[in-house]
Amino acid sequence: MTHPEEGLTPEEAPEETLRSPEEQRLGPVVRRREQIQPGTTDQRLLDTEGGDTQWVHTDPWRVMRIQSEFVEGFGALAELPSAISVFGSARTQEDTPEYDAGVRIGRALVEAGFAVITGGGPGAMEAANKGAREANGVSVGLGIELPFEQGLNRHVDIGVNFRYFFVRKTMFVKYAQGFVVLPGGLGTLDELFEALTLVQTRKVTRFPIVLFGTAYWGGLIDWLRDTVIAQGKASAKDLLLFHVTDDVDEAVALVTKETGK
């Protein structure tokens with residue numbers, strides 16, 4: 001029996017000639033009915049006229065950029081020693097007790113055998129990087145492309161800039177054995193709750209989280225206990241996912257104890 005259009009047997013006929021005209025397969029993607037696109041992927045690639053740069057803004061191309069960010073991040077950080085990520089506000093001023101605490105925390109973490117990872121920006125991040133560098137440790141900054149970002153601070157020795165927040169956040173968790181969280185704003189809260197969620201859902205294990213500054217974090221903890229947990233939105237044991245302290249030595253001792261160093 002031959003194929004009605006090609007003069008071939010079904011075994012010899014190309015796959016596309018046997019498929020319904022209402023179905024189109026483009027690699028792993030199936031399109032049907034009005035979603036079928038004219039031509040083929042190769043045709044659209046090879047027929048693109050010079051000067052058409054819209055393709056660099058398409059989602060498939062973004063996937064390649066995302067992949068490249070993961071590759072660059074993994075390559076830059078793969079050989080780091082044990083590290084702690086330190087978070088805090090970019091708006092922390094240099095002449096404040098919070099900045100001084102950041103410097104002391106960065107220094108103490110290096111003395112305990114850790115590298116220090118921050119978001120690479122100014123404020124509390126700069127403070128922790130400064131302390132790490134002054135202690136002759138590994139000072140890492142993972143920056144993010146923002147319209148108002150000032151770039152990596154001068155105390156960063158290994159720096160990686162990212163386009164995508166979720167790639168950067170992966171690096172913070174993958175290459176750190178714990179978090180120390182200084183007073184900060186929405187970005188700091190985002191990173192904190194990301195880490196708490198990963199620990200709560202057991203996506204990561206043995207991951208200490210230390211909040212530095214009892215006065216600053218007290219209101220948040222009260223809200224978690226008196227509203228979130230009281231209304232059954234979380235468990236009382238979730239308050240055990242983190243520690244709170246005002247003491248630099250205790251903060252370092254807590255992450256050291258839980259990481260087994």
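Tutor: Lys 174 lies over the face of Phe 74, at 5.5 Å from the ring centre. A charge sits over a ring if NZ of Lys or CZ of Arg is within 6 Å of the ring centre and within 35 degrees of the ring normal. This is a predicted model, in which local features need pLDDT of at least 70 and side-chain atom pairs count only at pLDDT 80 or more, while totals for chains, interfaces and linings use all residues. Residues are numbered from 1 along each chain as its sequence is written, and side-chain values use heavy atoms, with hydrogens and water left out.

Student: And what does the charged end of Lys 174 do at Tyr 175?

Tutor: That charged end sits over the ring of Tyr 175, 5.4 Å from its centre.

Student: How many aromatic pairs are there?

Tutor: The count is 7 aromatic pairs. Rings of Phe, Tyr and Trp (its six-membered ring) pair if their centres lie within 6.5 Å; planes under 30 degrees apart count as stacked, over 60 as edge-to-face and the rest as tilted. Phe 87 and Phe 179 form an edge-to-face pair, with 4.7 Å centre to centre and 85° between the planes.

Student: Where in the chain are Phe 87 and Phe 179?

Tutor: Phe 87 is in strand β3 (residues 83-87) and Phe 179 in strand β7 (residues 179-181), so the pair links distant parts of the chain, 92 residues apart. Strands (E, at least two residues) and helices (H or I, at least four) are DSSP runs, numbered from the N terminus.

Student: Are those two buried or exposed?

Tutor: Both Phe 87 and Phe 179 are buried, where buried means under 20% relative accessible area, exposed over 50% and partly exposed in between (1.4 Å probe, protein chains only). Phe 87, Phe 172, Phe 179 and Phe 207 form one aromatic cluster.

Student: Changing topic, which residues line the largest cavity?

Tutor: Phe 87, Lys 169, Phe 172, Val 173, Phe 179, Glu 191 and Glu 194 line it. On a 1 Å grid over the protein atoms alone, a cavity is a set of points where a 1.4 Å probe fits but cannot get out, and lining residues have an atom within 4 Å of a point.

Student: Which helix gives the most to that lining?

Tutor: Helix α6 gives the most, with 3 residues. Both α6 (165-174) and α7 (186-200) supply at least two residues each.

Methods: 1 Å grid on protein atoms, 1.4 Å probe; cavity = no way out; pocket = protein on both sides within 12 Å on 5 of 7 lines; lining within 4 Å.
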